[in-house]
Amino acid sequence: MRVYQTNEIKNIALLGSAGSGKTTLAESMLFESGITKRRGSVEAKNTVSDYFPVEQEYGYSVFPTVFHTEWNNKKLNIIDCPGSDDFVGGAITALNVTDQAVILINGQYGPEVGTQNNFRYTEKIQKPVIFLINQLDSEKCDFDSIINSMQDIYGSKCVQVQYPLQTGAMFNSLIDVLLMKKYSWSPEGGAPTIEDIPAEEMDKALELHKTLVEAAAENDESLMEKFFESETLTEDEMREGIRKGLVTRSVFPVFCVCAGKDMGVRRLMEFLGNVVPFVSEMPKVHNSRGEEVEPNAAGPESLYFFKTGMEPHIGEVSYFKVMSGKVKVGDDLTNADRGSKERIAQIYACAGATRIPVDELQAGDIGCTVKLKDVKTGNTLNGKDCENKYDFIKYPNPKYSRAVSAVNEQETEKMMVAITRMRQEDPTWVVEQSKELRQTIVHGQGEFHLRTLKWRIENIDKIQIKFQEPRIPYRETITKSARADYRHKKQSGGAGQFGEVHLIVEPYAEGMPDPTTFKFNGQEFKMNIKGKEVVDLEWGGKLVFINSVVGGAIDTRFMPAILKGIMERMEQGPLTGSYARDVRVIVYDGKMHPVDSNELSFMLAARSAFSEAFKNAGPKILEPIYDLEVYVPADFMGDVMGDLQGRRAMIMGMDSEAGYQKLQVKIPLKELSNYSISLSSITGGRASFTTKFASYELVPNDIQQQLIQEHEREIAEKEN
């Protein structure tokens, strides 16, 4: 395989909803370019893309698959991305290291919520988009309706390049209005027969051709002038205008294909090779210092590792993009993130599970290597005198969480090693050892996402694991002031223990004035503040600790011990054992003994006094509330809203956005536990959602009593 120059390389991401046919299209592209000698199928479990056991088990793409084709003296690096929103990390990774998105649309359903999600990702990072309507041979395909929907959603930028003469089982021909030709295929697909457009189609073709010419001309002043003069452009001028329009997202060309029968694939590849932007024509990537990095083969050597695959008999396969310079076999590089040295012993061009050895890759190219010592996903390897690092990939927040544990506790460490290793393959799996909840929590993008992790641990690593609902990180606080005192006294020969603490607790709010007086049972307590400490609690909220002791009743050297005792009880609230927050504590009196008083005595006295006062201060449980945005087809709005109302959710607003409805909701975290499963069930997988922590709010009284009773039962079970 020859070395391709930067201006001969194009990087493309294949996106689309589950079932839109990306993997089948990839098979046809590989076959058409001669990389493979036969087309595999998802049903036969022999495709280049879905070659991992878990993908063959479920019949879905789980990981993004990197492959390349060589077409008309150009190299097309293509990343086939998973369609399920549970595996969105693969799509986001691919978009960040490629320069062009091809979004497939299922001809049976038209634009789906997954289509809109993919488009939003391209919008965030400003990547060009080509739409590809697939499965035109489906009996349910209504092409005109799909085009109308797309233009409603994406506007006039959505411009047809092709349209089919008919859809359904008899589909075998289309009109290309860029080339103004009719393409038709035999039942086997492959090479088309190219003919003049039939007379009965000419008016429609000319109208669409004019629209395409106008869209191309709008992206270049000289082309616009020529269009005004002659009302037409040459084929090459149209290509140039469309290329510029792709880069600026001013035009979204629409193509047609039947990937399963290899119809239209060759023409698509011609367009990808001839028209879509080269790496060198796209906006420059910035390193972590904000400096532009030019994809220049003559520049300093810099590789960004965007994916790690774990493969049997090989181990780690590390996928990289050459950000600048060129990489050759035998190069010695430095890991900018970890400080370690690495030698590139082998370089491969990728074709799924097949790897083709190459000696060199130039700036902008994508490849992989094996047997690196210390390179993880997201790391950068640099050559001499280069200090680049990259952090441009931003993943969405998790949507689904489960507490995970090994069925056999002795295999816990092995389980953690397996999960940590798999996170290298998919950074949207997030593992958290929660001290607060006393659980290991695995966060992911959905139930299917975590089920896949479980399948792999049990079938590949042979470790049986179980999932449980994670505990909720409740918080405790108080709603009124209360007073308590406690004497800790212990005598057992020799020096004893003595400490007495009198304190007041009250709710704390940011900016409230310092206390002056309190009244309890008709008795007034005046405060004379000697010292104040504000503790920003690591779990949120504050503890304000005030020393108001007068007359030397408690020596100031014991105040840190008193604060420590209070903090211990803040870490385990009396209602449910949850963290307490937003409390002000005023220590105003006490007693000490000249011999028996020490730090431990005052710590224990303060802990008990605080606990008693807290229980008498109208204690309340707070629960985490999340902002939830649900993207749902209008047909399902009623059912989705009904389900949300049953989850104590508060609808804050609703909008129409790009062909679907967007609900803005406040919802308790407790009610989100199984939401991804429920939403998928209600909408047939056609809705999606995002979440973000909002605040802590008081739980209703009936739920508070239920939580307290559950906590008391847990304590009783432990004691028995």
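Biologist: Which residues is glutamine 497 in contact with, leaving aside its neighbours within four places in sequence?
Modeller: This is a predicted model: local features need pLDDT of at least 70, side-chain atom pairs need 80 or more, and totals for chains, interfaces and linings use all residues. Residues count from 1 along each chain as its sequence is written, and side-chain values use heavy atoms, without hydrogens or water. Contact means heavy atoms within 4.5 Å. On that basis the partners of glutamine 497 are His488, Lys489, Lys490, Asp596, Asn598, Leu600, Ser601 and Leu604.

Biologist: Which strand holds glutamine 497?
Modeller: Strands are DSSP runs of E, at least two residues long, and helices are runs of H or I, at least four; both are numbered from the N terminus. Residues 497–507 form the strand in question, E30.

Biologist: Is glutamine 497 buried or exposed?
Modeller: Buried means under 20% relative accessible area, exposed over 50%, and partly exposed in between (1.4 Å probe, protein chains only). Glutamine 497 has a value of 19%, so it counts as buried.

Biologist: Which side chain makes a polar contact of 2.7 Å with that of glutamine 497?
Modeller: A polar contact is a pair of N or O atoms within 3.5 Å; within protein, one must be able to donate a hydrogen and the other to accept it, and residues adjacent in sequence count only if both atoms are side-chain atoms. At 2.7 Å, the partner of glutamine 497 is histidine 488.

Biologist: What is the relative accessible area of tryptophan 429?
Modeller: Tryptophan 429 sits in the loop between helix H10 (412–425) and strand E25 (430–434). It is buried, because its relative accessible area is 1%.

Biologist: Which side chain forms a polar contact with that of tryptophan 429?
Modeller: Beyond four places in sequence, tryptophan 429 touches Met422, Arg423, His443, His449, Leu450, Leu453 and Arg456. A polar contact of 3.3 Å links its side chain to histidine 449.
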